[in-house]
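Here is a set of questions and answers for a reader new to this structure. The sequence and model come first.

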Amino acid sequence: MGFREAHDSGSGGPDTVATVRDSRARSSVLWLACAAQFMVVLDVSVVNVALPSIQRALGFTGSGLQWVVGGYALVFAGFLLLGGRLADLYGRRRVFLWGLVLFCAASLVGGLSTTPGILIGMRAVQGLGAAVLAPATLTLLTTTYAEGPARIRALAIWTAVSSAGGAAGNLIGGVLTESLSWRSILLVNVPIGAVAVVAAVRVLPADRPRGGGGGLDVPGAVLATLGVSTLVYGVSRADEHGWTGPETLAGLALGVLALAAFVLVEARFASAPLVPPCLVRLRPVWAGNTVMLLAGACFIPMWYFLSLYMQDALHYGALATGLGFLPHTLVGIAAARLAPAAMRRTGPRGLIIASALLSAAGFVWQSRFAEGSGYVDGLLGPAVVMSAGMGLLITPITTTVTSGIQPRDAGAASGLMNATRQIGGTIGLAALVTLVATATGAPASYRVVFTALAVVCTSVAALAFTLPPLPRTAANQ
């Protein structure tokens with residue numbers, strides 16, 4: 001059922017019928033956006049446990065294998081700002097379909113690839129499709145639901161699905177690889193994507209013609225993509241070459257210069273900026289994205305180090321490691337669904353502070369594991385605490401960042417928030433990998449990592465005081 005039907009109350013039915021139809025139409029948009037977001041987040045981690053099988057099947061070198069993961073992450077981060085703005089300029093339905101078709105086509109070719117070069121190339125194209133698709137999913141929600149309780153509930157469901165996708169990647173990857181083949185982790189996107197395309201054509205409203213607001217800011221798009229991509233590349237090289245290595249320094253320097261030029265172009269020369277300066281000047285946007293940067297630096301590396309911890313310290317295989325993440329997944333989903341109710345009592349800022357401190361407590365607990373610990377005493381307890389904090393945290397941050405945004409800038413705001421989270425995760429992971437190199441022995445390195453993550457979560461709570469309180473009608477209705 002599309003929006004055109006949803007908004008036609010007709011002459012023969014009462015207003016309550018129109019309201020039900022409108023509610024059903026919004027729910028259809030919500031679940032479509034969540035399904036697409038799940039695929040995007042899932043493909044960040046689903047290949048991790050399949051890497052040994054991929055290496056044997058296609059003859060990857062050790063250094064080349066990392067680009068099966070890195071190619072996706074690098075392009076995904078680099079094009080998020082551009083992907084977000086495309087939805088504002090060319091229509092949310094059209095851009096959503098573009099991203100979905102591109103993502104699924106790359107999954108099909110990648111799943112059938114016979115050489116390392118083809119697979120890496122298709123993973124990069126997948127990242128491009130994801131960079132277009134991910135901001136579009138959030139933009140659909142923020143433009144479908146008005147600010148208030150309904151939007152908060154929708155964002156909570158979107159957050160829960162995102163958490164499930166990130167946590168379930170290792171589990172699904174392990175099951176598919178061991179029961180079928182490594183190719184299935186990519187090919188499974190094709191039927192899911194086909195169903196989503198059909199649903200999008202039926203559910204999403206046709207894009208309205210846009211006025212003369214200017215075309216795509218090409219110089220800004222080039223500079224933003226170049227800046228974010230090279231910055232992420234430089235940071236990702238730090239674990240192999242060190243922070244003073246030539247590749248690291250070159251990537252960081254080029255990234256900083258390109259982003260500085262991007263800011264200048266947006267502020268002085270662009271007629272239709274990729275990120276409108278008036279948007280960044282809003283306190284919820286700049287303060288919320290700063291908090292999201294640190295949250296990404298904490299929670300994205302968490303999955304990486306917990307996976308290594310289960311394999312190194314608990315000696316789990318790929319499938320057992322995936323199953324070990326089930327408590328994180330289930331608790332995170334449950335906490336995300338509880339976030340709207342918690343926000344009614346504490347407000348978004350209060351919930352950010354409380355949930356960040358809860359996550360910090362979980363990381364401190366995780367850092368105190370003893371050698372020879374089992375799953376229950378070494379992982380399950382901390383998993384419940386840190387995942388509860390994580391599940392509660394993202395919804396109030398997203399609610400704050402997207403509050404007060406005009407519909408014409410919703411895509412730009414979504415792309416900026418997604419890019420901030422991804423950049424934070426990349427920088428956090430590289431910094432923690434470098435920090436691990438200074439520790440002696442595996443137990444000490446994990447204690448250092450989880451203690452550092454607790455410090456980052458505490459910093460999130462401290463920075464939350466810079467956020468403005470939302471109006472009572474938006475946060476407490």
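Q: Is Ser445 buried or exposed?
A: This is a predicted model, in which local features need pLDDT of at least 70, side-chain atom pairs count only at pLDDT 80 or more, and totals for chains, interfaces and linings use all residues. Residues are numbered from 1 along each chain as its sequence is written, and side-chain values use heavy atoms, with hydrogens and water left out. A residue is buried under 20% relative accessible area, exposed over 50% and partly exposed in between, with a 1.4 Å probe and protein chains only. Ser445 has a relative accessible area of 8%, so Ser445 is buried.

Q: Which helix holds Ser445?
A: Helices are DSSP runs (H or I, at least four residues), numbered from the N terminus. By that numbering, Ser445 belongs to helix H20.

Q: How far apart in space are Val29 and Val203, C-alpha to C-alpha?
A: Val29 lies in helix H2 and is buried, at a relative accessible area of 1%. In sequence, Val29 and Val203 are 174 residues apart. In space, their C-alpha atoms are separated by 6.6 Å.

Q: What is the distance between the end C-alpha atoms of helix H13?
A: The expected span of a helix is 1.5 Å times one less than its number of residues. H13 covers residues 246-269, and its 24 residues should therefore span 34 Å. The distance between its end C-alpha atoms agrees with this, at 33 Å.

Q: How are H6 and H7 oriented to each other?
A: Helix H6 (residues 92-111) and helix H7 (residues 116-144) pack with their axes 8 Å apart, at an angle of about 155°. Axes are lines fitted to C-alpha atoms over the stretch in contact, and angles run from 0 to 180 degrees between N-to-C directions. Angles under 35 degrees count as roughly parallel, over 145 as roughly antiparallel, 65 to 115 as roughly perpendicular and the rest as oblique. H6 and H7 are therefore roughly antiparallel.

Technical notes: Helix = DSSP H or I, 4+ residues; strand = E, 2+ residues; numbered from the N terminus.
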